[in-house]
Amino acid sequence: MKLGFVGLGIMGQPMALNLLRGGHELTVWNRTAAACGPLREAGAAVAPSPAALAAISDITFAMLADPAAALAVACGPGGVGEGLRAGGGYVDMSTVDAATSAQIAAAMTARGGRFLEAPVSGSRQPAEQGTLVILAAGDEDLYDEAAPALDLLGKKRLYLGGVGNGARMKLVVNMVMGGMMTAFCEGLTLARATGLAPADVLEVLDAGAIANPMFRGKGPRMLAGDYAVAFPLKHMSKDLRLARALATAAGADLPASAAADDSFARALGDGDGDLDFSALLRTVDRPAVRP
Ligand code: NAP
């Protein structure tokens, strides 16, 4: 099968490589052309535009920053929608809101194409290892056709029904994750402010019922001031903003998640958007840890 991949950022780069290593003929495109270099070296072709890429691909995958990027690449000038063949598939794996996804789905089906949203749970390392969790919704035939490729990217995939369900599921998951990170940062800050050793907090948390891979993996690096990016803080802030809007539209009153959204918005305002989202600690615990 001829595959295409647009959006070669932190996630897209290793995901595209996994498709290539899985034996697929692959064409790539990225807004900033330099990001195509490693894929070209690994054997991928490079297209001049998303439209040109979609025109020669059976299925085009996308991994883009946010709703504006997803819309620009799908529906903008030179976008996937201009090139998609009748019956061609577009699988958008970006984290966006359901309305954006529905808009893209409508544009693709209006051209006679097929659309699947497939946002993912898991960060840079699972993307590299092909162990993401894929939250798919939309055209079920396309889901079945894309399954062998999706299985190169993820260890688990769910088909959640109509367009929007994957987007909403992803926002629910990241709302929980953003709230957890906020509580974790506040716990470390309270420990430090009251004379406890934050390293002891990590040990205690890890021994109990709320131990989890995120605290275990990120905690020691956070205490060392290492915020090398895996999941950019700006994207966590985007996801909490979208989840908050989803809650408002659904009439759900979620004050803790709204507070987490406010905290990440403050961290974004502090200029930490390109650091890992665990850099929230710098904003929460500013006097103690900010250099
Ligand atoms: P990233 O490193 O910031 O990459 C974003 C990609 O979007 C880049 O290829 C970028 O191109 C492209 N882009 C941005 N604006 C664009 C525009 N207007 N037109 C065309 N292309 C545009 O982000 P990422 O971490 O890979 O995340 C990608 C998506 O996956 C996001 O929706 C994120 O929320 C989600 N996600 C991320 C993680 C994670 O841990 N990183 C985990 C799960 C889900 P340039 O190279 O030209 O900037």
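This is a predicted model: local features need pLDDT of at least 70, side-chain atom pairs count only at pLDDT 80 or more; totals for chains, interfaces and linings use all residues.
1. Helix H8 covers residues 140-153, and its end C-alpha atoms are 18 Å apart. This agrees with the 20 Å that its 14 residues should span at 1.5 Å a residue.

2. The N-terminal end of H8 is capped by aspartate 139, which places a side-chain oxygen 3.0 Å from the backbone nitrogen of aspartate 141. The buried residues of H8 are Leu142, Tyr143, Ala146, Ala147, Ala149, Leu150 and Leu153.

3. The whole structure contains 13 salt bridges. One of them joins aspartate 151 to arginine 157, with the closest N and O atoms 2.6 Å apart. Aspartate 151 is partly exposed at 42% relative accessible area, and arginine 157 is partly exposed at 30%.

4. Lysine 238 and aspartate 239 form a salt bridge with an N to O distance of 2.9 Å. Both lysine 238 and aspartate 239 are buried.

5. Arginine 244 and aspartate 262 form a salt bridge at 2.8 Å between the closest N and O atoms. Arginine 244 belongs to helix H12 (residues 233-250) and aspartate 262 to helix H13 (residues 255-269), so the pair ties together parts 18 residues apart in sequence. Arginine 244 is partly exposed at 31%, as is aspartate 262 at 36%. A salt-bridge network links Arg244, Asp261 and Asp262.

6. Met169, Val172 and Val176 make a nonpolar surface patch of about 230 Å². Methionine 169 lies in helix H9 (residues 165-193) and is partly exposed, with a relative accessible area of 34%.

Technical notes:
Residues are numbered from 1 along each chain as its sequence is written. Side-chain values use heavy atoms; hydrogens and water are left out. Patches are made of residues with over 30% relative accessible area and no salt bridge: like charges are joined within 9 Å, nonpolar side chains (Val, Leu, Ile, Met, Phe, Trp, Tyr) within 5 Å. Accessible areas come from the Shrake-Rupley method with a 1.4 Å probe; for residues, only the protein chains shown count as cover. A salt bridge is a side-chain nitrogen of Lys or Arg within 4 Å of a carboxyl oxygen of Asp or Glu. Helices (H or I, at least four residues) and strands (E, at least two) are DSSP runs, numbered from the N terminus. Buried means under 20% relative accessible area, exposed over 50%, partly exposed in between (1.4 Å probe, protein chains only). The expected span of a helix is 1.5 Å times one less than its number of residues. A polar contact is a pair of N or O atoms within 3.5 Å; within protein, one must be able to donate a hydrogen and the other to accept it, and residues adjacent in sequence count only if both atoms are side-chain atoms.
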